[in-house]
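Hi everyone, thanks for coming. I'd like to walk you through a structure this morning, so please take a look at the screen.

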Amino acid sequence: MDLDSDVLWAAFGLMLIVEGVFPFLSPSGWRDRMAQILSLQDGQIRFFGLVCLLAGLFMLGVFG
């Protein structure tokens with residue numbers, strides 16, 4: 001896979017689009033979810049981050 005700057009900028013752009021949909025469509029729901037996340041323990045947040053990293057690596061391996 002040839003990773004040039006265009007692909008990197010496209011990936012960042014898509015990430016920002018996905019990250020911006022929920023707060024745009026439901027700001028109060030987004031705020032409530034953030035409050036729930038803030039109440040989690042560090043280990044719980046770290047586990048969720050690990051799951052996201054592994055899922056991303058898996059997707060890159062399968063689809064990339």
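**The pocket and the patch**

Let me start with the largest pocket, lined by Met15, Val18, Glu19, Arg33, Met34, Ile37, Leu40, Gln44, Ile45 and Phe48. Helix H1 (5-25), H2 and H3 are the elements that each give two or more residues to that lining. This is a predicted model, where local features need pLDDT of at least 70, side-chain atom pairs count only at pLDDT 80 or more, and totals for chains, interfaces and linings use all residues. Residues are numbered from 1 along each chain as its sequence is written, and side-chain values use heavy atoms, leaving out hydrogens and water.

A pocket here is an open set of points on a 1 Å grid over the protein atoms alone, where a 1.4 Å probe fits, with protein on both sides within 12 Å along at least five of seven lines; lining residues have an atom within 4 Å of a point. How much space lies in the largest pocket? About 390 Å³, counted as the space filled by probe spheres set on the points.

Now the nonpolar surface patch: Phe22, Trp30, Met34, Ile37, Leu40 and Ile45 make about 490 Å² of it. Patch residues have over 30% relative accessible area and no salt bridge, and nonpolar side chains are joined within 5 Å. A salt bridge would be a side-chain nitrogen of Lys or Arg within 4 Å of a carboxyl oxygen of Asp or Glu. Helix H2 (residues 27-38) gives the most to the patch, with 3 residues. Helices are DSSP runs of H or I, at least four residues long.

Leu40 sits in the loop between H2 and helix H3 (42-63). Why is Leu40 called partly exposed? Because its relative accessible area is 36%, and buried means under 20%, exposed over 50%, with partly exposed in between (1.4 Å probe, protein chains only). Gln41, found in that loop between H2 and H3, counts as exposed at 55%.

Terms used: Patches are made of residues with over 30% relative accessible area and no salt bridge: like charges are joined within 9 Å, nonpolar side chains (Val, Leu, Ile, Met, Phe, Trp, Tyr) within 5 Å. Accessible areas come from the Shrake-Rupley method with a 1.4 Å probe; for residues, only the protein chains shown count as cover.
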